[in-house]
Amino acid sequence: MDLKKNILLSFKWILICALIGLLSGSASAFFLLTLEWAGNLRNQNIWLLWFLPLGGLLIGLLYHYYGKEVVKGNNLLLEEYETPKKVIPLKMAPFVLLGTIITHLFGGSAGREGTAVQMGGAISDQFSRIFKLDADDRKTLIILGISAGFASVFGTPLAGAVFALEVVFCNKFRFKSAILSFVVAYFAYYSVELWPVHHTHYDIPITPVLNLENFFWIIPSGILFGLAAMLFSRSTHFWGSLFSKTISYPPLRPYVGGIIFAIVIYYFGATKFMGLGVPSIVEAFKTQSSNYDFLLKILFTGFTLGAGFKGGEVTPLFFVGATLGSALSGFIPLPIALLAGMGFVAVFSGATHTPVACTIMGIELFGIESALFIAISCCIAYISSGSIGIYHSQTVKGVKYHLYEKFRKNKLEDF
């Protein structure tokens, strides 16, 4: 009897994973194709930038009058995981999809992972009603949604599975959630493969031996990546807080922000900072970036998201890390592509408190040859990026939590 029950239970969860993977992967594929269309149209018609304020107003009105319960985005997923209350409304998916396409079509500086993760989370949580799951199983569903969204949008199933586990609980381990996270990640990944979607490929052609000298150079670069992650997180929070305090009517925040953003981008000729910035990321692996490119991307992305536009933070974090690493090649005697790759994932690691997932992502994207350089830089960036990340509602646990708690108590005792 127990065997039969376990078989039926396993079949139920595999079915759930397959459905979530298929639906989330297809949603991500549609999103990526639409995003590519929006980016190409914008690049061919730069004048669309002047419609950014109107696009921002539309996003603001949509969320203010019809989407208040889903406006928190990724933070809502984390809150529902930590304290399950009610099923995430399905409308989160189309709202964030439309908001992100508008943001990118008119030139806002934002990413895409937040959109895919929110769509995955909203889709997956609907199965709690269909299968009448309890609060504990709802937590598993949220993990599955995050895993499917992340794996499908970046084409990195292993990193997506680990990211979903690591971002919600750093030092807790649930065997069922862990296994299912990998299952759904691959379902989502292969679902995207059914669509005409192509993920960007990056290459680190030369990886030196990890000797004592090279290890010495990883340390300062890792610290700088961590500080860049801290600056990115604090910038996004700062602009969000500033807009909230100065403009009481939420729909006007992206409208005003859109006006300022469009004027600055146009008159300073900073069009390469619009959208995802993938061409600049690819170029960073080949040619040394300017010393200020990463700072401007932090500024423009923090301003865009803080004003209330939609999108993600991860691809801009890739931009920041890759261009910072590329710029450091003028001072640090490591291959430019290696430094760009290290920064690519290390800044992401620091901003999301997910060093394991970022290490795995680095291996999936760049190959096993650079694994040690990637892993060390991700860990150093994670430790040095502070306790505040890009997600307000993320509970920081694990190694970093204990280090910062110990530091805080020692400072209080000294005082």
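Trainee: How many cavities of 30 Å³ or more does the structure hold?
Mentor: Three. A cavity here is a set of points on a 1 Å grid, over the protein atoms alone, where a 1.4 Å probe fits but cannot get out. Grid points are joined across faces, edges and corners, and a volume is the space filled by probe spheres set on the points.

Trainee: Before we go on, what kind of model is this?
Mentor: A predicted one, where local features need pLDDT of at least 70, side-chain atom pairs count only at pLDDT 80 or more, and totals for chains, interfaces and linings use all residues. Residues are numbered from 1 along each chain as its sequence is written, and side-chain values use heavy atoms, with hydrogens and water left out.

Trainee: OK, how much space lies in the largest cavity?
Mentor: About 110 Å³. Its lining residues (those with an atom within 4 Å of a point) include R112, F154, H199, Y202 and M361. Helix 7 (135-154), helix 14 (314-328) and helix 16 (355-366) each supply at least two of the lining residues. Helices are DSSP runs (H or I, at least four residues), strands are runs of E (at least two), and both are numbered from the N terminus.

Trainee: And by class, what does that lining have?
Mentor: Seven nonpolar, four polar and one charged. Ala, Val, Leu, Ile, Met, Phe, Trp, Tyr, Cys and Pro count as nonpolar, Asp, Glu, Lys and Arg as charged, and the others, Gly among them, as polar.

Trainee: What about the second largest cavity, which helix gives the most to its lining?
Mentor: Helix 3, with three residues. About 60 Å³ of space lies in there, and N74, L77, L78 and E113 are among the residues lining it. By class you get seven nonpolar, one polar and one charged.

Trainee: Switching to pockets: what volume does the largest one have?
Mentor: About 880 Å³. A pocket is an open set of points with protein on both sides within 12 Å along at least five of seven lines. Of the 35 residues that line the largest pocket, V71, K72, L305, G308 and K310 are the closest to its centre. Helix 10 gives the most to this lining, with six residues. The lining divides into 11 nonpolar, 18 polar and six charged residues.

Trainee: Which helix gives the most to the second largest pocket?
Mentor: Helix 1, with eight residues. That pocket has a volume of about 630 Å³, and the closest of its 24 lining residues to the centre are E36, N40, L276, V278 and P279.

Trainee: S28 is in helix 1 too. Buried or exposed?
Mentor: S28 counts as buried because its relative accessibility is 0%. Buried means under 20% relative accessible area, exposed over 50%, and partly exposed in between (1.4 Å probe, protein chains only). S28 touches A116, M119, G149, S152 and V153, leaving out residues up to four places away in sequence; contact means heavy atoms within 4.5 Å.

Trainee: Zooming out, how many helices and strands does the chain have?
Mentor: 18 helices and zero strands. Buried residues make up 58% of the 415 in the chain. The C-alpha atoms fill a box of roughly 65 × 55 × 55 Å, taken along the principal axes.
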